[in-house]
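Colleague: I would like to learn how to read contacts and charge pairs in a model like this one. Can we take it feature by feature?

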Amino acid sequence: MLFNSLTFLAFFAIVYPLFWALPGWHAKKRLLLVASYLFYSAWNPPYALIILASTLVDFEIARRIGRAETQSAKRSLLILSLISNLGLLSYFKYGQLAVDSFASLLATVGIIYHAPDFDIVLPVGISFYTFASLSYTIDVYRGQIRSDWKFSDYALFVSFFPHLVAGPIVRASYLLPQIENPRMPNLNQVGWGLTFVAMGLFCKVVLADNVFAPVVDQFYKNPAAEGWFHAWAGVLSFSGQIYYDFSGYSLCAIGLALCFGFYFPDNFKHPYAARGFSDFWRRWHISLSTWLRDYLYISLGGNRVGNFRIYLNLMLVMLIGGMWHGASWMFALWGGLHGLFLIIERAMRKLPESRWLSVLAQRPLPELATFMLVTLAWIPFRATSLENAASVFGSLFDFGAPSIPENAQLVAIIAMLVTVRWHFALRDTSLEAVFSKLMPAVQTLAISICLVTLFLYSGGDQRAFLYFQF
Amino acid sequence: MPSSTSSFKRELAEQPWALIFGAAVAVFACFAGGMELQLARLGYQPTVSIGKDHWVAERIRANELGSRALVIIGASRIQLGLDLGVLRANTGLEPVQLAIDASLPYPVLAGLAQDPAFKGTVIVDYYPQTTEYEGGPGADFHKSFEAEAAKTYAFPTGSTVEKYLTRLLHENLRVYSDGANPWLSLRYRIMEARPQNQYLITMADRSRKADYRKVKMPEFYHNRVARTLGIQIDAGGGNIESLLRQKINEQMPLANSGVWQRKVSEMRKQVEAIRARGGRVLFIGMPSSGMVREIEERRYPKAQYWDYFEQNIGAPALHSNYTPILQDFVCPDGSHLDMRNRAAFTENLVRILKANRFL
C-alpha cells in the first residue's frame with residue numbers, strides 16, 4: 001500500500017478514528033498490530049507470513065540470548081539470528097544474482113551453465129524489517145536492551161506500518177520503549193504529523209514524480225542520443241528525484257508515526273549541503289548509515305585499528321551498503337565509489353596543513369564538490385548497466401553535440417538549484433524549526449499548496465516509491 | 001549504546017493547528033470545488049476511466065463468456081464506430097470492447113490465440129499500413145492481463161481496492177473525465193483561451209462516442225489529416241488546405257516489404273489457433289473519408305495491400321471503404337464515425353456479415 005494511494009487514504013480514515021475510539025493502550029496496540037499486518041497484506045497477503053516468521057524467530061532467539069548464561073551460548077544464538085535474517089534476505093534478494101553471477105563466472109572458463117530462473121517475488125521492505133529486527137537481537141546480545149518484552153509489542157515494533165516497507169530503520173532500543181509505555185498523541189503532535197505527511201507527499205508526488213522523474217526517464221532511456229545539456233539535466237534531476245522520493249517517504253513515515261504519538265528519528269538532514277562524504281552519510285539515509293556504522297563498522301574494529309584496516313573496513317561497509325539497495329553489481333559500484341570517496345577524504349585529513357588545502361577548504365567549495373561527486377556517483381545507481389552508465393558519462397562531456405534545452409529540463413534544473421540552495425541555507429536546522437518560525441498565514445499557505453498540488457497531480461499512474469525495491 | 005537513534009527527541013513548538021488546517025482545507029475545497037463547477041459550466045461530464053485495469057477486467061470477461069464472447073480489438077476507429085447494444089441485439093453474442101486508442105491489434109490477437117481459455121469470436125479492426133510495427137500499449141495491457149490471470153488467490157488485495165476507489169473517483173468527478181488528471185483539466189480545459197469541448201465520451205463498456213458537432217471544423221479535420229501525414233500544422237493559419245493537398249499529392253505507394261507478408265502469415269496462424277478451439281475471427285477495415293482516405297489509398301493501394309491480405313489471411317475480411325452498404329458513411333474528421341452514425345453503421349455491418357455467413 002503506497003502512502004500516495006486512495007487505498008491508504010481509506011485505510012487511514014478507518015484506522016485512525018478507531019485508534020482514538022478504542023479504550024486503553026492495550027487495545028490500541030492490538031489495533032495497530034492488526035492494521036500493520038493488513039497494510040502489508042494489501043500488497044501480497046501470503047508474504048505477511050514471512051514477517052511473522054522472522055518476528056517469531058528473532059523474538060525467541062533474543063529471549064534465549066537474554067537467558068543464556070555463557071558468552072559462547074549467547075554468541076551462538078546471535079549467529080543463528082544473523083544466519084536466519086541474512087539468509088532470508090539473501091534468498092529473496094540475492095538468489096537470482098548469485099546464480100546468474102555463478103553462471104557468468106563459469107562462462108569465463110568456457111563452461112556453459114544455464115542458471116535456473118528463481119521466479120520469486122521480492123517481499124516489499126524485506127531489507128528494512130530484517131535490519132530493524134536484527135538490531136534487536138544484536139542489542140540484546142550486547143546487553144544494550146532487555147529481552148523480556150511482550151511478543152505483541154515486539155511484533156508491533158517490527159511491523160508498525162509507517163516504517164515497515166521503506167524505513168526509516170527504527171531500532172528496537174528506540175521504538176520498543178515507546179510501544180510499551182501508554183501514549184496518546186496531543187493536538188500538537190497530530191498537527192505536526194499531518195503537516196509532515198502533506199509535505200512528504202508533496203516531495204514525492206509533485207517534485208520526485210512530476211518534476212524530476214520525467215526528465216530522468218527520458219534521458220536514461222537512451223543517453224547516447226542526448227546532448228550534454230540533456231545529460232546534465234538528467235543526471236542532476238536524478239539527484240533531485242531520489243532525494244525527494246526517499247526523504248518524502250521518510251517524512252510521511254515520521255508524520256504518520258507522530259499522529260499515533262510515536263517519535264521516529266530523522267532520516268535526512270539537508271544532505272546536499274554536506275561538507276565531505278562522512279558528513280554526507282551523517283545526513284543521507286541516516287538510519288541505514290548509523291546502522292551500518294554501529295553494527296558493522298564498529299564490529300569490524302571501527303577506528304581502533306590501523307589505517308589500512310580502517311580503509312578496508314570503510315570500503316567493505318560501503319560495498320555492503322550499496323548491495324543492501326538491490327541485487328545488482330551497479331549498486332556495489334555505487335557503494336564502492338562512496339567507499340573510495342570516504343577513504344580519500346580520510347587520507348586527506350592526514351595531509352600536513354598547506355595553503356592549497358586551506359584554499360580548497362573555503363566554503364562553499366567542499367560542499368559543492370561533495371554535491372557534484374554525489375551526483376555523479378548516482379549514475380551507476382540509476383543506470384541499468386555498465387554500458388548505460390558509460391553512455392551517460394559520455395553524454396555529460398560531449399560538448400560538441402547540439403543540445404537544446406526543453407522546458408521540463410529547465411524547470412527540473414531550477415528546482416534542483418533551489419533544492420541545493422535550500423540545503424545550504426538550512427544546513428544546521430530542521431524542517432520543524434523553520435516551519436515554526438513562519439506566520440500562521442504562511443504556514444496555512446504552505447499546507448494549502450501541498451494539498452492543492454497533490455490534488456492536481458492525482459489520478460495518474462502512481463510510481464512506486466523508489467526505495468520499495470530495496 | 002548505539003549513538004544516533006536511541007535518544008532522539010523531536011522539538012515541536014505549539015502551533016494554532018485548528019486554524020491552520022481549517023483554513024488550508026477550506027482553500028483546497030474551494031479550489032477543487034471551483035474546478036469542478038467550472039468544468040460543469042463548460043459542459044464536461046465525468047466519464048469512465050479507460051485505462052489498463054478496465055481493459056484487463058474486460059479481457060477476463062472475454063474468457064468467462066466462452067463461445068458467447070464477441071471480442072472487438074483494434075484502435076479508436078472501431079472503439080468509436082461500433083454500437084455494442086446493436087451488436088448484442090443483432091448477433092445474440094455478448095460484445096467485449098478490447099480496442100485500445102492509438103494502438104495496434106497484433107499483441108492482443110496473439111494473446112487471444114495463445115490463450116486456451118478463449119473460445120469466442122473476434123472482430124479485428126485491421127489496417128494494412130500498421131502491420132510492420134510491433135508492440136505498443138496492447139502488449140503492455142496483455143501482459144497485465146496475464147499477470148492478473150496467473151494470480152492463484154482470489155481474495156481482494158490493495159490493488160483491487162485501489163482500482164475500485166480510482167474508478168469511483170474518476171466516474172464521479174469532471175476533473176478526471178476522459179482519463180485526464182486535475183492538472184491537465186486545469187491547463188487545457190479551464191485556463192486555455194479557447195478551451196476544448198468534450199466531444200468524446202467513454203462508456204462503461206469501453207466503447208466511445210464522438211460528437212463532432214462540438215469540435216471546431218475545419219481545423220479539427222485539418223489536424224487529423226496532418227497527423228495522418230505525420231506533419232505539424234498551424235490549424236488556424238492560412239492556406240492549410242493547399243499545403244495539405246500538396247503533401248497528399250507527394251504520397252506514393254509504400255514498398256510491400258517481406259516483413260508485412262510475414263506478419264500476415266503469422267496472423268493467419270493465430271486465426272487458425274483460435275478456430276481450432278471453435279472460435280472465429282473476422283477482419284474489418286473501418287471507414288475513412290476525404291483526405292485521410294486519400295492518403296491511405298495512395299500509400300497502401302488496395303490491389304497491393306488489402307487484396308493480398310484478404311486472399312492470404314484465411315479468415316473473412318471486409319473493408320468498409322469497398323463495401324456498398326458501408327462505404328457511404330462519412331467520417332467527419334476523416335478517420336472516425338460520429339456518434340449519430342454508429343448504430344446505423346453497426347446494423348449494416350452485422351447485416352452484411354450475416355448475409356455472407358461470416359457470423
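Modeller: Start with one side chain. Arg349(A) is exposed, at a relative accessible area of 54%. This is a predicted model, so keep in mind that side-chain atom pairs count only at pLDDT 80 or more.

Colleague: Which residue does Arg349(A) meet in a salt bridge?

Modeller: The general idea comes first. Side chains of opposite charge can pair when their charged atoms come close. Here the partner of Arg349(A) is Glu345(A), with 2.8 Å from N to O. Both sit in helix H14 (residues 329-349) of chain A. They are four residues apart, which means about one helical turn separates them.

Colleague: Is Glu345(A) buried or exposed?

Modeller: Glu345(A) counts as buried, at 14% relative accessibility. The cut-off for buried is under 20%. Arg349(A), by contrast, is exposed.

Colleague: What does the salt bridge between Asp140(B) and Lys52(B) link?

Modeller: The pair links distant parts of the chain, 88 residues apart. Asp140(B) lies in helix H6 (residues 137-149) of chain B, and Lys52(B) lies in helix H2 (residues 52-64) of chain B. The N to O distance is 3.4 Å. Asp140(B) is partly exposed at 38%, and Lys52(B) is partly exposed at 30%.

Colleague: Which residue forms a salt bridge with Glu171(B)?

Modeller: Arg167(B) does, with the closest N and O atoms 3.1 Å apart. Glu171(B) is partly exposed, with a relative accessible area of 32%. For Arg167(B), also partly exposed, the value is 35%.

Colleague: Which residues do shared partners join into one network?

Modeller: Asp279(A), Arg282(A), Arg283(A), Arg427(A) and Asp428(A) are joined that way by salt bridges. Over all chains, the structure holds 38 salt bridges.

Colleague: Now the chain interface. What area is buried between chain A and chain B?

Modeller: The size of an interface is often given as the accessible area lost when the parts come together. Between chain A and chain B that is about 4000 Å², with carbon and sulfur atoms giving 66%. How many salt bridges cross there? The rule finds zero. Nine residue pairs are in polar contact, both residues at pLDDT 80 or more.

Colleague: Which helix gives the most to the side of chain A that touches chain B?

Modeller: Several helices of chain A each supply at least two residues, including helix H9 (187-221) and helix H10 (228-259). H20(A) gives the most, with nine residues. By type, that side of chain A divides into 24 nonpolar, 17 polar and six charged residues. In contact terms, 47 residues of chain A meet 44 residues of chain B.

Colleague: How is chain A divided into domains?

Modeller: Domain 1 covers 6-183 and domain 2 covers 189-469. Their centres, taken over C-alpha atoms, are 26 Å apart. The contact takes 40 residues from domain 1 of chain A and 34 residues from domain 2 of chain A. They bury about 3300 Å² between them, and carbon and sulfur atoms give 69% of it. Phe131(A), Pro168(A) and Arg171(A) supply 18% of the area that domain 1 of chain A buries against domain 2 of chain A, more than any other three residues.

Colleague: How many salt bridges cross between the two domains of chain A?

Modeller: The rule finds one salt bridge. Look also at Arg171(A): this residue forms a salt bridge with Asp294(A), the closest N and O atoms being 2.9 Å apart.

Key. Residues numbered from 1 in each chain as written. Chains lettered and ligands numbered in written order. Predicted model: local features only at pLDDT ≥ 70, side-chain atom pairs only at ≥ 80, totals over all residues. Heavy atoms only, no water. Contact = heavy atoms within 4.5 Å. Buried area = accessible area lost by both parts, 1.4 Å probe. Salt bridge = Lys/Arg side-chain N within 4 Å of Asp/Glu carboxyl O. Polar contact = N/O pair within 3.5 Å; in protein donor to acceptor, adjacent residues only side chain to side chain. Nonpolar A, V, L, I, M, F, W, Y, C, P; charged D, E, K, R; others polar. Buried < 20%, exposed > 50% of the residue type's maximum accessible area, 1.4 Å probe, protein only. Domains from an automatic or database assignment.
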